[in-house]
Amino acid sequence: MKFFEHVAKKLFKDNGIRILRGQVAYTPEEAVEVATELGGPVALKAQVLVGGRGKAGGIQFADAPGEVYTLADELLNSNIKGVRVKHLLVEEKADIEKEFYVSVSYDRNVKKPLIMASSEGGVEIENLAKTNPEKIIKYYVNPLDEFLPYEAREIARKMGVSSNLVSDVGNTIFKLYNIFQKYDAEIVEVNPLILTPNGLYAADAKLMVENDAAFRHKDLLELTGHEPKQFSFVKLDGDIAVLGNGAGLTLTAMDMINLYGGKPATFLDIGGGSSEETIKKALNLVLNYPPVKTVFLNVLGGITRADDVAKGVIDALKISKREIPIVIRLTGTNEEEGQKILEEAGIPFETSMEKAAEKAVEICKSLE
């Protein structure tokens with residue numbers, strides 16, 4: 001999972017790495033407001049999840065608020081390497097004396113975290129790796145041992161930084177490695193790490209977190225406004241929506257629909273342990289998908305309770321603006337309670353998947 005620069009910088013700041021003052025803007029007007037508040041020359045940086053943003057024109061500089069509006073308007077109506085720019089980071093323009101490069105990633109061949117650092121940073125770091133690889137320091141960390149501050153300072157010394165900067169650069173490397181470990185990152189990178197008259201700052205920030213570890217870092221998801229998917233939904237070219245609690249059960253239901261001459265309009269796996277609210281949202285999604293003429297809900301209750309399913313079905317039908325026939329196969333945990341709820345609501349159900357699939361196809365064909 002990739003994170004925008006402004007999100008990565010927020011995380012860096014929270015973990016003790018200094019960043020430049022700035023705010024996100026979604027309109028030219030907001031960009032002008034931020035620039036006015038910062039009170040000086042600014043950098044306008046397109047927030048896109050692609051590399052080479054600077055060379056592609058995604059970073060512009062303005063000396064006055066009057067310039068900011070025009071540049072922000074141009075950037076917000078542009079594409080950087082095929083990606084539409086939807087927001088900007090408006091940031092104070094730094095007085096750069098020196099640029100460095102620092103990153104932490106995982107070398108899968110060596111099976112160890114790898115710290116890379118150089119006394120030359122910026123947009124030409126890729127060329128430096130090709131033309132002068134000896135200028136890039138590589139340091140492997142034993143994952144079984146604690147990475148200590150003196151090791152980070154040693155990396156700074158090998159970079160060739162002046163003695164008065166060894167402590168500050170080493171401290172940044174140490175904090176960057178801690179972020180890498182703390183957030184199960186695939187890579188954290190500062191390019192460039194800049195030296196200004198006021199000290200070191202992360203002028204850019206890159207963060208990628210292992211997808212399978214995202215559930216452990218809800219604070220990161222909150223920073224992005226990201227909401228994990230509650231279920232897997234795939235649109236198909238048929239007219240019978242197929243839902244099930246589990247990928248295998250849903251695929252089997254689709255096979256049954258095909259067997260009896262129907263065509264699935266959706267694959268929707270509501271997952272195990274689905275709540276009443278999840279059932280409601282899933283059904284609402286397919287009921288409002290225009291090609292759907294009939295719904296086949298195939299539930300074999302284990303962790304998922306049949307009574308929750310029944311309640312979710314009723315809730316979804318109450319708010320649906322379309323009257324779509326629904327065929328339900330409902331068995332398993334609390335099946336008697338669930339079936340009773342459906343009976344009282346006048347909603348038919350089956351306990352046989354084959355009979356339910358055949359019935360769904362028959363109903364759909366009768367509507368043609």
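This is a predicted model: local features need pLDDT of at least 70, side-chain atom pairs count only at pLDDT 80 or more; totals for chains, interfaces and linings use all residues.
1. Let's start with strand β15. Its residues Ile240, Val242 and Gly244 point one way, while Ala241 and Leu243 point the other way, and all of them are buried.

2. Who sits beside β15? On one hand there is β17 (residues 294-301), joined to β15 (residues 240-244) by five bridges, with the two strands running parallel. On the other there is β16 (residues 264-269), also running parallel to β15 and tied to it by five bridges.

3. Now step back to the whole sheet. It is an open one, built from five strands in the order β14-β16-β15-β17-β18, and the pairing is mixed. Which strands stand at the edges? Those are β14 (232-235) and β18 (326-332); each has a single partner strand, so one side of each has no neighbour in the sheet. From one strand to the next, the twist averages 10°.

4. A helix packs on this sheet too: α12 (residues 353-366), which touches β15, β17 and β18. Compare its direction with that of β17 and you get an angle of about 170°.

5. The helix α12 also meets another helix, α8 (residues 247-259). Their axes come within 9 Å and cross at roughly 50°, which makes α8 oblique to α12. The crossing of the two is right-handed.

6. Which residues make that contact? From α8 they are Thr252, Ala253, Met256 and Ile257, and from α12 they are Met353, Glu354, Ala357, Ala360 and Val361. Sorted by type, the residues of the contact between α8 and α12 come out as seven nonpolar, one polar and one charged.

7. One last stop, at a loop residue. Ser119 lies in the loop between β9 (112-118) and α4 (125-131). Is Ser119 buried or exposed? Its relative accessibility is 19%, and the cut-off for buried is under 20%, so Ser119 counts as buried. What is Ser119 in contact with, leaving aside its neighbours within four places in sequence? The partners are Lys98, Glu99, Phe100, Lys135 and Met159.

Notes:
Residues are numbered from 1 along each chain as its sequence is written. Side-chain values use heavy atoms; hydrogens and water are left out. Two strands pair if DSSP finds at least two bridges between them. Helices (H or I, at least four residues) and strands (E, at least two) are DSSP runs, numbered from the N terminus. Axes are lines fitted to C-alpha atoms, for helices over the stretch in contact, and angles run from 0 to 180 degrees between N-to-C directions. Contact means heavy atoms within 4.5 Å. Buried means under 20% relative accessible area, exposed over 50%, partly exposed in between (1.4 Å probe, protein chains only). Angles under 35 degrees count as roughly parallel, over 145 as roughly antiparallel, 65 to 115 as roughly perpendicular and the rest as oblique. A crossing is left-handed if the near helix is turned anticlockwise from the far one by less than a right angle, and right-handed if clockwise. Ala, Val, Leu, Ile, Met, Phe, Trp, Tyr, Cys and Pro count as nonpolar, Asp, Glu, Lys and Arg as charged, and the others, Gly among them, as polar.
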